[in-house]
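Thanks for coming. I will go through salt bridges, then pockets, then a surface patch.

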Amino acid sequence: VREGQRLTVVNTHGSQVLDTWAFREGDMAEYLSMEHTRSVNSRWLVTVGTRLVSTRRRTLLDVIADTSPGLHDALLPACSAEIYRELGCTEAHRSCEDNLHEALAAIGLSAPCVPAPLNLFMNVPIHPDGRLDREPPASRPGDAITFRAALDVVVVFSACPQDITPINGLQCTPTDAHFAVLD
């Protein structure tokens, strides 16, 4: 996505979580950092006006529109083989971590690590005692979030393949989502 372009992500069916990463084009060691984003914005929720910043605290993407209820998780890591084992899965299982590596490899890139993603449409309420829950998305079919690129970035989405917990809806069934890059 080139500097100044808009990137809209549509939750087509309303129930799909999308793990989202951004890397500065030309420097894969500079990537979207959830911990720096929380610090720069002094909030844990990602809303319209949020600056999504890199490990070097440079803005990569700005949130400019959101028709969803605004529940986007910036706390939890990408699903991985280890998480599925913890959940009792004894067979190989797709994961967002695998999807990140495969997507980057398909365009000749690799990441120096698996950064914590921005989990679009993921409903993770925080309770007064500090406990986190993982609940079905509150978004509706067609809800969308739009970003403006502040720099040239490589963006990777993973339609989360989680089918054990209800983060992709009560049916525990991943679905499609769509995106568009606009000038």
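A salt bridge here is a side-chain nitrogen of Lys or Arg within 4 Å of a carboxyl oxygen of Asp or Glu. By this rule the count comes to 11 salt bridges.

Before the details, some ground rules. This is a predicted model, in which local features need pLDDT of at least 70 and side-chain atom pairs count only at pLDDT 80 or more, while totals for chains, interfaces and linings use all residues. Residues are numbered from 1 along each chain as its sequence is written, and side-chain values use heavy atoms, with hydrogens and water left out.

Now the network. Arg 24, Asp 27, Glu 30, Arg 56 and Arg 58 are linked by salt bridges. Asp 27 pairs with Arg 56, with the closest N and O atoms 2.6 Å apart. Asp 27 is in strand 3 (residues 27-31) and Arg 56 in the loop between strand 4 (51-53) and strand 5 (59-66), so this pair ties together parts that are 29 residues apart in sequence. Strands are DSSP runs of E, at least two residues, and helices are runs of H or I, at least four, numbered from the N terminus.

Glu 30 has a salt bridge to Arg 56 at 3.3 Å, N to O, and another to Arg 58 at 2.6 Å. Is Glu 30 buried or exposed? Glu 30 is buried, at 0% relative accessible area. Buried means under 20%, exposed over 50%, and partly exposed in between, with a 1.4 Å probe and protein chains only. Arg 56, at 43%, is partly exposed, and Arg 58 is partly exposed at 35%.

Next, pockets. A pocket is an open set of points on a 1 Å grid over the protein atoms alone, where a 1.4 Å probe fits, with protein on both sides within 12 Å along at least five of seven lines; lining residues have an atom within 4 Å of a point. Volume is the space filled by probe spheres set on the points, which are joined across faces, edges and corners. The largest pocket holds about 260 Å³. Its lining has 15 residues, with Leu 76, Ile 83, Met 122, Arg 134 and Gln 162 nearest the centre.

The second largest pocket has about 190 Å³. Strand 8 gives the most to its lining, five residues.

Last, Trp 44, Leu 75 and Ile 126 form a nonpolar surface patch, with about 230 Å² of accessible area together. Patch residues have over 30% relative accessible area and no salt bridge; like charges are joined within 9 Å, and nonpolar side chains (Val, Leu, Ile, Met, Phe, Trp, Tyr) within 5 Å. Areas come from the Shrake-Rupley method with a 1.4 Å probe, and for residues only the protein chains shown count as cover.
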